[in-house]
Amino acid sequence: MNPEKDFSPLTPNIVRALNDKLYEKRKVAALEIEKLVREFVAQNNTVQIKHVIQTLSQEFALSQHPHSRKGGLIGLAACSIALGKDSGLYLKELIEPVLTCFNDADSRLRYYACEALYNIVKVARGAVLPHFNVLFDGLSKLAADPDPNVKSGSELLDRLLKDIVTESSKFDLVGFIPLLRERIYSNNQYARQFIISWILVLESVPDINLLDYLPEILDGLFQILGDNGKEIRKMCEVVLGEFLKEIKKNPSSVKFAEMANILVIHCQTTDDLIQLTAMCWMREFIQLAGRVMLPYSSGILTAVLPCLAYDDRKKSIKEVANVCNQSLMKLVTPEDDEPDEPKPVLQRQAEPHPDDALAKQEGAGSGGPDGSCDSSFSSGISVFTQASTERAPVTLHLDGIVQVLNCHLSDMAIGMMTRIAVLKWLYHLYIKTPRKMFRHTDSLFPILLQTLSDESDEVVLKDLEVLAEIASSPAGQTDDPGPLDGPDLRISHSELQVPTPGRAGLPTTPGTKGLECSPSTPTMNSYFYKFMINLLKRFSSERKLLEVRGPFIIRQLCLLLNAENIFHSMADILLREEDLKFASTMVHALNTILLTSTELFQLRNQLKDLKTLESQNLFCCLYRSWCHNPVTTVSLCFLTQNYQHAYDLIQKFGDLEVTVDFLTEVDKLVQLIECPIFTYLRLQLLDVKNNPYLIKALYGLLMLLPQSSAFQLLSHRLQCVPNPELLQTEASLKAAPKSQKADSPSIDYAELLQHFEKVQNKHLEVRHQRSGRGDPLDRRVVL
């Protein structure tokens, strides 16, 4: 420092002492400065006061010499003490050079700067609040200082500043929030602790409403919640807990919409504490805000659905997520199915689409317009413009929701409970908003069919409920729902119709719209037949599904829909099936279900009597497809008590190629005859006069069988027939009363028998073609 320079009104002795390396001498100089400034205050000499402060600032506190800087700091503190209540007039000049020294490389100098600022603030008290942001900024840096003495000094200054803020009613919260939002993303644990402590203080002040600015800092708080330090995590938990209590007390003043996407992101983190806390917040938001949260449903589902598959290690998160899921589902009502009406331009601009905001926020956002299920995580969250939920009705955006549900259902790695929840959502949406949902049916249908192969019976059952609702909902009735399984759909909707009531045995009559059925059964919509076609195609391409799950699927569909419609449509489709081997296998499966399932008791009774034109029409439709499998055709005749026609069919068996599989099916039919389902048939054996063709048909089966257990079983049954009139001459038989079912004028049995022969000839041709190509044949029996 230049000794010849004029530092007046500071005396040369004061200047020398301020530059001294000894603290005691600098302290003596500070006392002289205090005395000098007091005199200026008494004289109201503001010019000289400013000159002293400027000299101490420029020539000492900001000097290149460390001892000079130390002298300048203690001198500025002395000025503040001397000014007393008038120090507020000079705070900017007093504070700025001190704060500059906070960045000094010398830890002792940083400590002296902290000490000087403490004295300045202590004197000025509330007058420092206009400079709070710069003070807070400086303190936030000192909170992470590596020197313990500096950190200790900053803590004293921090407590003093907190006391001042708590006592004052003039704190500028609006001006402070941007700085708080910036500093809250610090990764230093001490800086985080400093930030949390200040939020706690501000939250405790009655005159400061920090809740209004919670969207600005909520993301940062969740970031801090993931800190490695237990103490910091605990402090952050307390802060978030206090905020949540206040939200519950004053839900009307909470900006739920602005914080929804923040919670969505943190509900997907891998940190258990963050995820649980965010999920608890989401639960409260859904329950408190209600339909305000509906526009964010796609993001919420992206976060919540995977949690439903958690095991007991994350039981708490799973339970809260389940409550969130159920609460959100309840918000969807039939009102959401009303067509979207055009909104005023200004209103649309005031309420941005929440999925768009989330997409910008998350990158490849969860539940955004692209339907991605990735959980992108960002270090900072932009604050959204608050949606005008009071002025505009809340709209349910089904596009994003369906994309999220489709994404989760398509992911085979997703757990069972999540898949069940997705299917429950789809079912709920089809019930509450059918018109909107049917716009998405074409995209959902393939994955719903694929889900039938799921390992879980519960998943398959829920899947069938959704498919059944699609197939039966009145909202699905369209002239042309379009292809549901690609361009290779062989049979068009108009070609595949159940025969209209009329003379049985006549060709089917195409309808103009939907599936025709009897007046006593509910009408299915345009998607029903598409569903049946695609279900059979899936059985054809995935034989294991048919073998393992086929009966379960068809039985459940018979409960959920109408059994007659299902069997009628499947029979009509199989009649045109090009893969004859599959047709035979499928007919056998359907016949087994028809004869053995308790779910089809009513349908069996309908077929057993054939009293109505509808039941006769159903029999003819089934018969034509059942012809793909000779033994099942006979069993259908037994079920419908068409014993004479059954006998005629068995007579044709002599012209068929007898294989092991054929004999196995005959064996199974014999076993079925002994089951309760055919109790009426066995009792009819007592009336030989009226049922001669029944006994002949059974003897025909007996003659087909080799010497086996089934042969012995049927032989013993026939030995129990009490009437020996079976040996009557043909003339006496003509005189006997005819079987009740042998004389049904509505059914052209001759035409049906010709159809049976035609179908069996096709099967024979296919087997010969396979033999020529060297394909594996059915196991043959050498008789």
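Helices are DSSP runs of H or I with at least four residues, numbered from the N terminus. In this predicted model, Leu429 falls within helix 20, which covers residues 416–432. The protein as a whole contains 37 helices and 0 strands, and buried residues account for 54% of its 783 residues.

- Among contacts in the protein with a separation of 6 or more, 75% are between residues 24 or more positions apart.
- The accessible surface of the protein amounts to about 35200 Å², and carbon and sulfur atoms hold 51% of that area.

**The largest nonpolar core**

- The largest nonpolar core comprises 248 residues, and those with the most contacts inside it are Leu221, Trp281, Phe567 and Phe638.
- Helix 14, spanning residues 272–289, gives the most to this core, contributing 10 residues.
- When residues up to four places away in sequence are not counted, Trp281 touches Leu214, Leu218, Phe222, Leu240, Phe243, Leu244, Ile247 and Leu263.

**The surroundings of Leu429**

- Leu429 has a relative accessible area of 0%, and it therefore counts as buried, the cut-off for that class being under 20%.
- With its neighbours within four places in sequence left aside, Leu429 is in contact with Val332, Leu398, Ile401, Leu405, Pro434 and Met437.
- Leu429 and Val402 are 27 residues apart along the chain, and their C-alpha atoms are separated by 9.4 Å.

Terms used: Residues numbered from 1 in each chain as written. Predicted model: local features only at pLDDT ≥ 70, side-chain atom pairs only at ≥ 80, totals over all residues. Heavy atoms only, no water. Helix = DSSP H or I, 4+ residues; strand = E, 2+ residues; numbered from the N terminus. Buried < 20%, exposed > 50% of the residue type's maximum accessible area, 1.4 Å probe, protein only. Contact = heavy atoms within 4.5 Å. Core = buried A, V, L, I, M, F, W, Y, C linked by side-chain atoms within 4.5 Å. Areas by Shrake-Rupley, 256 points an atom, 1.4 Å probe, with all protein chains shown as cover.
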